[in-house]
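Biologist: Please show me the sequence and the structure. I have some questions about the contacts in it.

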Amino acid sequence: MMTDRRMFYRGVLLVIFAAVLFGTTGTSQALAPAGISPKVIGSFRLVIGGPALLLMTVIFSRVNPFTFRPPLLPTFIAACGIVMFQLCFFEAVAKTGVALGTIIAICVAPVIAGLLSAIFQKEQLNRIWLISSLLAVSGCIMLAMAGGGELKINPTGILLAAGAGFGYAVSLVASKAVIADRSPALGISVILCTGALMVLPGLFYEDISQVMTLHGMTVVLYLGLVATAGSYLLLAKGLSVIPVSRTAIMMLAEPLTGCLLGVLLLGEVFTLNAAIGSLLIFAGLIVISAGEYRAASEI
């Protein structure tokens with residue numbers, strides 16, 4: 001029982017820490033040199049992050065990638081979801097701002113992931129899932145209201161952010177099938193590398209001169225090595241313990257991270273709405289964590 005408890009809380013911490021790293025992506029784009037298109041940033045994140053995660057997995061997990069045989073259709077679907085998220089998310093952030101773009105994308109993801117996992121993977125969406133979803137999504141709405149008039153309400157950007165959330169949810173659900181009974185980190189790295197191959201040809205038609213500067217290279221290396229390879233490595237480990245529908249809700253720690261980074265690094269004001277939203281997200285995380293542990297204990 002003690003071992004099961006440690007494994008459960010280890011999975012929860014891994015997923016939440018992954019969400020924290022994911023939450024730095026919007027701020028990283030905001031700190032990138034002017035002139036780098038969102039498409040280029042998203043593409044470089046995959047091109048660097050995919051191979052980096054594969055290399056890290058081979059070195060630290062001592063697995064043989066040549067013997068890995070993932071299911072082709074889920075791998076392709078997950079890769080498409082990853083690419084959709086990258087390209088839509090960074091474009092949405094450019095149009096709506098870091099806070100609103102991140103919040104909308106990550107608010108959409110748990111609802112869609114829960115529904116998709118219920119339809120295709122027969123996961124049960126119980127009362128705990130509903131309560132935690134309502135708490136966390138309500139918190140995200142409060143965070144969206146925290147910026148007041150400073151938020152840029154751009155209809156196209158909002159649609160792109162929702163599209164990013166949809167792609168994120170699809171990748172989460174499809175990834176579960178890829179890593180089932182296999183190395184989670186290796187499965188995620190194969191998905192990312194597949195996504196990298198999808199976006200690589202497009203880079204030949206983009207202006208990447210600003211990426212080649214020290215400033216630009218620092219940003220894309222951070223996004224690729226830390227906010228992609230590192231975060232997906234943690235997420236892969238967490239997915240092996242926590243169901244997808246619950247994982248997506250725990251990932252709502254991402255917009256909370258973005259809000260805090262906005263206060264600490266971008267000089268944004270931490271308003272009363274932001275404080276209430278943060279507390280609601282924390283409440284949602286606590287409810288889903290406690291509920292999932294209770295369910296695991298009863299098995």
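Biologist: Which residues does Ser231 touch, not counting residues up to four places away in sequence?

Modeller: This is a predicted model. Ser231 is part of helix H9, which covers residues 214-239. Leaving out residues up to four places away in sequence, Ser231 touches Ala18, Leu21, Phe22 and Val226.

Biologist: Is Ser231 buried or exposed?

Modeller: Ser231 has a relative accessible area of 0%. Buried means under 20%, so with 0% Ser231 is buried.

Biologist: How far apart in space are Gly101 and Cys88, C-alpha to C-alpha?

Modeller: Gly101 sits in helix H5, residues 98-120. In sequence, Gly101 and Cys88 are 13 residues apart. Their C-alpha to C-alpha separation in space is 9.8 Å.

Biologist: Which residues does Gly101 touch, not counting residues up to four places away in sequence?

Modeller: Gly101 counts as buried, at 0% relative accessibility. Setting aside residues up to four places away in sequence, Gly101 touches Phe89, Thr96 and Ala161.

Biologist: At what angle do helix H3 and helix H4 pack?

Modeller: Helix H3 spans residues 38-61 and helix H4 spans residues 72-96. Their axes are 8 Å apart, and the crossing of H3 and H4 is right-handed. The packing angle is about 145°.

Biologist: How many residues of the contact of H3 with H4 are nonpolar?

Modeller: On the H3 side the contact includes Pro38, Ile41 and Leu46, and on the H4 side Ile82, Val83 and Phe85 are among the residues. Of the residues in this contact, 3 are polar and 3 charged. The nonpolar ones number 9.

Note on methods
Residues numbered from 1 in each chain as written. Predicted model: local features only at pLDDT ≥ 70, side-chain atom pairs only at ≥ 80, totals over all residues. Heavy atoms only, no water. Axes fitted to C-alpha atoms, helices over the stretch in contact; angles between N-to-C directions. Helix = DSSP H or I, 4+ residues; strand = E, 2+ residues; numbered from the N terminus. Left-handed = near helix turned anticlockwise from the far one by under 90°. Contact = heavy atoms within 4.5 Å. Nonpolar A, V, L, I, M, F, W, Y, C, P; charged D, E, K, R; others polar. Buried < 20%, exposed > 50% of the residue type's maximum accessible area, 1.4 Å probe, protein only.
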